[in-house]
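User: I want to go through the labels on this model one by one. Give me the rule each time, then the value.

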Amino acid sequence: MYPLAKIRAVVLAWLALPVLAIHIPVAGAQPAKRWVVVELFTSQGCYSCPPADRFLGKLAKRKDVLALSFHVDYWNYLGWRDPYSSHQATRRQRSYAWAMKRRSVYTPQIVVDGTLQGIGSYTGTINGLIDLRKQAQDSGVTVAIRNGAKSLTVSLKGGLQFGDCTVWLVYFDNKHTTAIPRGENAGKTLTYYNVVREFRRAAVYKGKNLEFPLPRSSKNGPKHDNIAVIVQRPRGGQIVGAAWAALR
């Protein structure tokens, strides 16, 4: 048995320790309101891309990250045409190169929130960039998607300090697996995650509350797995708000 004075000293020392905030997950809790948008520019014709594609699959499972896979078209001449590639994805990557004052584009490249970039397979570097964006103090634009029984509606609020922003509408699929018979990845069967199938301008947001309906299907007709809304400053600028919803 310890003397009373010693017990009292131990208790006082314990009370003097700094208090740590402990986060306890709550059943049914909603995902973080502020998503960090991660865009991977990749291609099935790129030999060094598969590790980055697998890494994006891990990022896609996070509750604080909106991970998107953009397939560019400039590797299609190497003997295999990527079925998910588009010149639109290439133009988007080039807009980032212009904004970041880079002389060229490359794969696999990851762009985080439209402001930071790194090699897509450098997992430690990319996780560090995501953490930097999570720590950013800007309030951003609040984006909310209401998924009703018959319709989808998006509402935008706040962010007046950013000026006019482009509102992008993104349709993407959860996963695609492809057997590749030709090109640099010939003989491999590869899986891709959160594959962007359509990407287009939906509106201009001027900082005033805005609400409008969202089409459940893309312009090309097919219904994809998910829809995302991204609010971005012009000419490959900072992403200031985002949200997504499942369509199936």
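Analyst: Salt bridges come first. The term means a side-chain nitrogen of Lys or Arg within 4 Å of a carboxyl oxygen of Asp or Glu. This is a predicted model, so local features need pLDDT of at least 70, side-chain atom pairs count only at pLDDT 80 or more, and totals for chains, interfaces and linings use all residues. Residues are numbered from 1 along each chain as its sequence is written, and side-chain values use heavy atoms, with hydrogens and water left out.

User: What makes Arg 92 and Glu 39 a salt bridge?

Analyst: Their closest N and O atoms are 2.6 Å apart. The limit is 4 Å, so the pair qualifies.

User: Why is this pair said to tie together parts that are apart in sequence?

Analyst: Helices (H or I, at least four residues) and strands (E, at least two) are DSSP runs, numbered from the N terminus. Arg 92 lies in helix 3 (residues 87-99) and Glu 39 in strand 1 (residues 36-42), so the bridge links parts 53 residues apart in sequence.

User: Are Arg 92 and Glu 39 buried or exposed?

Analyst: Both are buried. Buried means under 20% relative accessible area, exposed over 50%, and partly exposed in between (1.4 Å probe, protein chains only).

User: How many salt bridges does a search of the whole structure find?

Analyst: Nine. One of them joins the side chains of Asp 113 and Arg 133, at 3.0 Å from N to O. Asp 113 lies in the loop between strand 3 (109-112) and strand 4 (116-119), and Arg 133 in helix 4 (residues 123-134), so this bridge connects parts 20 residues apart in sequence. Asp 113 and Arg 133 are buried.

User: How do you know that Asp 173 and Arg 197 meet in a salt bridge?

Analyst: The N to O distance is 3.3 Å. The cut-off is 4 Å, so the label holds. Asp 173 lies in strand 7 (residues 165-180) and Arg 197 in strand 8 (residues 188-205), so the pair spans 24 residues in sequence.

User: Why is Asp 173 called buried?

Analyst: Asp 173 has a relative accessible area of 5%, so it is buried.

User: Which residues do salt bridges that share partners join into one network?

Analyst: Arg 62, Asp 64 and Lys 134.

User: Why is the pair of Tyr 74 and Trp 75 called tilted?

Analyst: Rings of Phe, Tyr and Trp (its six-membered ring) pair if their centres lie within 6.5 Å; planes under 30 degrees apart count as stacked, over 60 as edge-to-face and the rest as tilted. The count by this rule is seven aromatic pairs. The ring centres of Tyr 74 and Trp 75 are 5.6 Å apart and the planes stand at 55°, so the pair is tilted.

User: Which residues do ring pairs link into a cluster?

Analyst: Phe 41, Phe 70, Tyr 96, Trp 168 and Phe 199.

User: What joins Thr 107 and Pro 108?

Analyst: A cis peptide bond, with omega at about -5°. Pro 108 sits in the loop between helix 3 and strand 3.

User: What is noted about the phi of Lys 101?

Analyst: Lys 101 has a positive phi of about 60° although it is not a glycine. The loop between helix 3 and strand 3 holds Lys 101.

User: Why is Lys 101 called exposed?

Analyst: Its relative accessibility is 75%, so Lys 101 counts as exposed.

User: What about Asn 194?

Analyst: Asn 194 also has a positive phi, about 50°, and is not a glycine. Asn 194 is placed in strand 8. With a relative accessible area of 10%, Asn 194 is buried.

User: How far apart in space are Leu 78 and Cys 46?

Analyst: They are 9.0 Å apart, C-alpha to C-alpha, and 32 residues apart in sequence. Leu 78 lies in the loop between strand 2 (65-71) and helix 3. At 28% relative accessibility, Leu 78 is partly exposed.
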